[in-house]
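Please keep the sequence and the structure open as you go.

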Amino acid sequence: AYYTNTIDDWAYFLYASNLDDKRERVQSLGKEINKDKTQQNYLLKLSNDDHKLLLQGDMTSRHLSANMSSDLTPLDTSVIDYERHSFGYVYKGIDNLKFLFSYEMYDSEMFLEDDNPFPIPPYNISSMRLDSKEKVLSTELTYKFKTDSNVLLLGAKYRDKSFVYSNFELSGIPRTPSAYNNQNIAGLFAENRYQLASNSIVTLGFQYNRYDNNGGVEDENIRLLRVGHTYTNQDWVFKLYGYTMEIPTEAYMHNSVFARGITLKKQTNLALTQETKYQIGKDKVRFVFNYMTVEDLLGTDPDTSQLAILDKPTSFYSVISEYTHTFDEDNKLILMGSYNLIDTSYTDNEIEYNAYVKFFNTYKNIDLYNELIYYYYTAEQSHKFDLNIGASYAYSDDIKIELKGENILGKAYTDRYYRLDGSGTYLDMTPFDRRVYLNVEYLF
């Protein structure tokens, strides 16, 4: 449910929802895997020309599917309860100046249990319990310097992150969490957009962040450099940009049982993206090429099946092409195809093919939506299809009725989970259940 209104020059928006998601059960070695989830959300937004305030949060409780089970048959007692609450404020009352402030709180309780121990060398774990609380305070200040042909954005930001772990147990035996519980991040950034001509813009960006950690965790200096060019004319849009970016280790990984014994490092990405759009009449074509190579990636060692810093670069390539034809204002067709390749230098190249057809139609006060999705992954040698259809009927200005079906063919994309019990078998699970929804919206 949501409510929106205005008072004087203030606009406000209030939203709340409650979800009790009963997921389709999956069979694994004769046992059912529970994927049920409950979630409550709320959001309050107040804004005018100079100020914006945002209060939001969610509370989630879900079963942990096949996680922490060597044979992918976790006990039904494996659950995680999670809460997130945040407050944000943005001030734009001075020309070209912007100030942001936010405060976030996270609280989670996790319990994993299985009757077959899960191997995390040097342990074989039958259960794990961990409670955590996290608080994050962030501020950011930016200022724009403008001329007729140039926009220079300068900014500074600061973040303080504290986290506390408690009730840490492995196989029922209490463990002492790491002494690491605080991280401060201070950063400076700049972006310059220079207009070479009315249809040609060059962009150059730089960012530097200093990560200060306690508990014996090494401090890090993180840098980002980005350069790009955009060219447009009546029918064409051409974008080319590249960046080199260092990515710090996520704070929680320093306390993760899965990463114990690993000397964690910052990750370095080098990427190039080219995007072309062409439109003439009722037809629009979009083409995107992406390349990225990653050094010091935290991934799965193919020899041990355990987390490790990979000592060889991993490269990612992708090509996306999209065609849109607008028959008229009420009817539109979209075709998309993509090719994705992952070169890990350890195993054969992994290739994904994706494609979809979407058709949007409107007849009087009825909106129709049809989508057919195709997916193929070479490592799994399986073809996946997904058909989604929907219809929305505007009974009046205040009442809308919607009927929607997802994964109607029952052959949607799946994630593959390998068993670690030495059997060499696996389980395929789809994140998309075969469902039919009936929604009624009433505005008052």
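## Basis

This is a predicted model. Every value here is computed from it.

## Charge on the surface

Where do like charges gather? Six lysines form a positive surface patch: K45, K52, K92, K98, K144 and K146. One of them, K98, sits in strand β8, which runs over residues 97-120. K98 has a relative accessibility of 35%. That falls between the 20% limit for buried and the 50% limit for exposed, so K98 counts as partly exposed.

A negative patch is also present on the surface. Its members are D8, D9, D49 and D50. D49 lies in a loop, between β5 (37-47) and β6 (51-63). Its relative accessible area is 71%. Exposed means over 50%, so D49 is exposed.

## Salt bridges across strands

Side chains of opposite charge can pair when their charged atoms come close. How many salt bridges does a search of the whole structure find? The total is 21.

Take E246 and R223. Their side chains form a salt bridge, with 3.8 Å from N to O. The pair links distant parts of the chain. E246 belongs to strand β15 (residues 236-247), and R223 belongs to strand β14 (residues 220-232). The two residues are 23 residues apart. Is E246 buried or exposed? E246 counts as buried, because its relative accessibility is 18% and the limit is under 20%. R223, at 39% relative accessibility, counts as partly exposed.

Now E275 and R286. These side chains meet in a salt bridge at 3.0 Å, N to O. E275 is buried, with a relative accessible area of 13%. R286 is partly exposed, with a relative accessible area of 27%.

## A salt-bridge network

Which residues are linked in a network of salt bridges? They are D21, R23, K35, D433 and R435. Within this network, R435 forms a salt bridge with D433. The closest N and O atoms of that pair are 3.5 Å apart. D433 has a relative accessibility of 5%. Buried means under 20%, so D433 counts as buried.

## Polar contacts of N331

N331 is part of strand β21, residues 331-343. What does its side chain contact? One partner is the side chain of D328, in a polar contact of 2.9 Å. Another is the side chain of N361, also in a polar contact, at 2.9 Å.

## The tyrosine pair

Y375 lies in strand β23, residues 366-377. Is Y375 buried or exposed? Y375 is buried, with a relative accessible area of 8%.

Y375 and Y413 are 38 residues apart along the chain. Their C-alpha atoms are separated by 6.6 Å.

Notes
Residues are numbered from 1 along each chain as its sequence is written. This is a predicted model: local features need pLDDT of at least 70, side-chain atom pairs count only at pLDDT 80 or more; totals for chains, interfaces and linings use all residues. Side-chain values use heavy atoms; hydrogens and water are left out. Patches are made of residues with over 30% relative accessible area and no salt bridge: like charges are joined within 9 Å, nonpolar side chains (Val, Leu, Ile, Met, Phe, Trp, Tyr) within 5 Å. Accessible areas come from the Shrake-Rupley method with a 1.4 Å probe; for residues, only the protein chains shown count as cover. A salt bridge is a side-chain nitrogen of Lys or Arg within 4 Å of a carboxyl oxygen of Asp or Glu. Lys and Arg count as positive and Asp and Glu as negative; His and the chain ends are not counted. The place of a charge is taken as NZ of Lys, CZ of Arg, CG of Asp or CD of Glu. Helices (H or I, at least four residues) and strands (E, at least two) are DSSP runs, numbered from the N terminus. Buried means under 20% relative accessible area, exposed over 50%, partly exposed in between (1.4 Å probe, protein chains only). A polar contact is a pair of N or O atoms within 3.5 Å; within protein, one must be able to donate a hydrogen and the other to accept it, and residues adjacent in sequence count only if both atoms are side-chain atoms.
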